[in-house]
Amino acid sequence: MKKILFIINRKAGTDREKRLEGAINRHFPASKYDVRITHLAYLGHGADLAREAVVNGVDTVVAVGGDGSINEIAQGLVDSNTAMAILPLGSGNGLARALKIPLDVDKALQLIVANKQRPIDVGYANEHLFLSNAGVGFDALIAEQFKHTKKRGLLGYAKLVLKSFSSYNPEAYHISIDGRKLDEKAFLLTVANGNQFGYEFKLAPGASVFDGQLDLCIMPPVRFYHLLPVSIYSLLGNIDKTRYLKHLTGKEIIIHSNSLQYLQVDGDAVPVGGDGSVKLTIKPAAIKVVVNE
C-alpha cells in the first residue's frame, strides 16, 4: 500500500480546507493508499516533517501551498527515495508553472495518482536551497519588504515595486561564473534553476530544472518607463532576446558586493552574512518530483 503524506500550509480558509480534504479522499481511497494529512505549524516545520517522512518510508510527500512551503519541504527530501508532489495553492506558483502542474486541485491530484516521477536539480545560494531562482538585486529588496507587508499576491508585490523603484540604487557586482570574471552594475541579478518567478514572469525562459546548470540573468539599470516593456517581454517569454537582459549559464557562480545585505531564495528574503559574497551551485537530479508528462 502506497504511503502518502500531504503537508498543508494553512493559509486557506476552513471551508477550502474541508473541500481539499474531501478531494484528497476521493482521489486516494483508503483501500489503495495509506494517506496522512498534516499542517505546517512553524518556520522550518516542512523540512522536519519531510525528513521524518523519509525515515518512515513514505513514498510521496505532497507539498500543498506556494513556493515558500514547497521550498521548505524540498529541503528534507534531497538525496532521498521519497518523491515530492506539488498541489499549488500559492499566489505565484513558480515551480508548479515551470513543471506544467495544473493549478486546478482535481487535475493536480490526478497527476499525483498517475505518479510519473523525474529527478530535478536544486540550487544552493550559500547554504540556502532554491528550486526556482535566487537573486541579490532589486528582487531581494522587494522580498525583504514583502515579508513585512499584509498585502499578498501580485497586487501587493506590484505596489512594493512601484513604491521602491525610484529610491533603489543598482549595485556594482563582482561576478565569477565557472571561473570567468565579470564586473556588472545591475538592477536585477538573478540566478535561475527553473524558468520563472511565478505568475508566468520569465527571466530565463530557456532555463530547465533538468539540465544540470544554472542560468545567470543580469538586467542593467533601467528607468521607470522601462518597467512596462520589461514586464511584457518577461510575460511573453522572450526577454532574453532583448537589450534588457544579459544571459549566461554555468555550474558555479560567485557574486560579491560590499553592500550586499539580502538574498532572495524562491521569493523569501534571507540575510547575507560575512563578506557580502554569495556562492551559487547546482546539485543535479537531487529530488524526485511527480511531473506532468
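This is a conversation about a predicted model of one protein chain and how some of its descriptions are reached.

Biologist: What makes the radius of gyration of the protein chain agree with that of a compact globule?

Modeller: For 293 residues, a compact globule would have a radius of gyration near 19 Å, and because the protein chain has 19 Å, the two values agree. The C-alpha atoms fill a box of roughly 60 × 40 × 35 Å along the principal axes, and the chain has eight helices and 16 strands.

Biologist: Why is Thr38 called buried?

Modeller: Buried means under 20% relative accessible area, and Thr38 has 15%, so Thr38 is buried. This residue is found in strand β2, residues 33-39, and, leaving aside residues up to four places away in sequence, Thr38 touches Leu5, Phe6, Ile7, Ile8 and Leu49. In the protein chain, buried residues make up 51% of the 293 residues.

Biologist: How many aromatic pairs does a search of the whole structure find, and why is the pair of Phe6 and Phe28 called edge-to-face?

Modeller: The search finds 10 aromatic pairs. For Phe6 and Phe28 the ring centres lie 5.6 Å apart, and a pair needs centres within 6.5 Å; their planes stand at 70 degrees, and because angles over 60 count as edge-to-face, that is the name the pair receives.

Biologist: What makes this pair a tie between parts of the chain?

Modeller: Phe6 lies in strand β1 (residues 2-8), whereas Phe28 lies in the loop between α1 (14-27) and β2, so the pair ties together parts that are 22 residues apart in sequence. Phe6 counts as buried at 0% relative accessibility, and Phe28 likewise counts as buried, at 3%, because the cut-off is under 20%.

Biologist: How do you know that the pair of Phe165 and Phe224 is edge-to-face?

Modeller: Their ring centres are 5.7 Å apart and their planes are at 65 degrees, and since edge-to-face asks for over 60, the pair is edge-to-face. The pair links distant parts of the chain, with Phe165 in helix α7 (residues 153-165) and Phe224 in the loop between β11 (214-219) and α8 (227-236), 59 residues apart.

Biologist: Why is Phe224 called partly exposed, and why is Phe165 called buried?

Modeller: Phe224 has a relative accessible area of 48%, which falls between the 20% limit for buried and the 50% limit for exposed, so Phe224 is partly exposed. Phe165 has 9%, which is under 20%, so Phe165 is buried. Phe165 and Phe224 also belong to one aromatic cluster with Phe138, Tyr168 and Phe187.

Note on methods
Residues numbered from 1 in each chain as written. Predicted model: local features only at pLDDT ≥ 70, side-chain atom pairs only at ≥ 80, totals over all residues. Heavy atoms only, no water. Helix = DSSP H or I, 4+ residues; strand = E, 2+ residues; numbered from the N terminus. Rg over C-alpha atoms; globule rule 2.2 N^0.38 Å. Buried < 20%, exposed > 50% of the residue type's maximum accessible area, 1.4 Å probe, protein only. Contact = heavy atoms within 4.5 Å. Phe/Tyr/Trp six-rings, centres within 6.5 Å; stacked < 30°, edge-to-face > 60°.
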